[in-house]
Amino acid sequence: MNATQLGCAPEREAVPIDCSVDPGCGVVDGIEMLVQLAMQLSNLWTGIVPEEGVFRRAMAEALGE
């Protein structure tokens, strides 16, 4: 996994790529990265493959969505 602070507050600097040029290069937000990381760590810790929906609901609830 990799992340960057480009485009984040407070500076909101422009992202230096044109996403319309290569649609094969997707952007994943931090929430998706956190859900996937939590699932992997939960699996490593417990040995149980977690349900993705459980993590997504927990994230939505934590964000007040």
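The legends below describe close-up views of a predicted model.

Local features are reported for residues with pLDDT of at least 70 and side-chain atom pairs at pLDDT 80 or more, whereas totals for chains, interfaces and linings use all residues. Residues are numbered from 1 along each chain as its sequence is written, and side-chain values use heavy atoms, with hydrogens and water left out.

**Figure 1. Overview of the chain and its secondary structure.** The chain contains 2 helices and 0 strands; helices (H or I, at least four residues) and strands (E, at least two) are DSSP runs, numbered from the N terminus. Of the 65 residues in the chain, 6% are buried, where buried denotes under 20% relative accessible area, exposed over 50%, and partly exposed the range in between (1.4 Å probe, protein chains only). The accessible surface amounts to about 5,500 Å², and carbon and sulfur atoms account for 59% of that surface. Accessible areas come from the Shrake-Rupley method with a 1.4 Å probe; for residues, only the protein chains shown count as cover. Among contacts (heavy atoms within 4.5 Å) between residues at least 6 apart in sequence, 34% join residues at least 24 apart.

**Figure 2. The salt bridge between Arg56 and Glu32.** A search of the whole structure finds 2 salt bridges, each defined as a side-chain nitrogen of Lys or Arg within 4 Å of a carboxyl oxygen of Asp or Glu. Arg56 pairs with Glu32, and their closest N and O atoms are 2.4 Å apart. Because Arg56 belongs to helix H2 (residues 52-62) and Glu32 to helix H1 (residues 30-46), the pair ties together parts that are 24 residues apart in sequence. Arg56 is partly exposed at 34% relative accessibility, and Glu32 is partly exposed at 23%.

**Figure 3. The salt bridge between Arg56 and Glu52.** The side chains of Arg56 and Glu52 also meet in a salt bridge, with an N to O distance of 2.6 Å. Both residues lie in helix H2, separated by 4 residues, about one turn of the helix. Glu52 is partly exposed, its relative accessible area being 31%. Through shared partners, salt bridges join Glu32, Glu52 and Arg56 into one network.

**Figure 4. Helix H1 and the residue that follows.** Helix H1 has 17 residues, which at 1.5 Å a residue should span 24 Å; the end C-alpha atoms are 24 Å apart, in agreement with that value. The expected span is 1.5 Å times one less than the number of residues in the helix. Just after H1, Gly47 adopts a positive phi of about 80 degrees.

Figure 5. Leu44 is located in helix H1 and is exposed, with 69% relative accessibility.

Figure 6. Gly53 lies in helix H2 and is partly exposed at 29% relative accessibility. The C-alpha atoms of Gly53 and Val35 are separated by 9.5 Å, the two residues being 18 residues apart along the chain. Arg57 is likewise found in helix H2 and is exposed, with a relative accessible area of 54%. Between Arg57 and Val35, which are 22 residues apart along the chain, the C-alpha separation is 9.9 Å.
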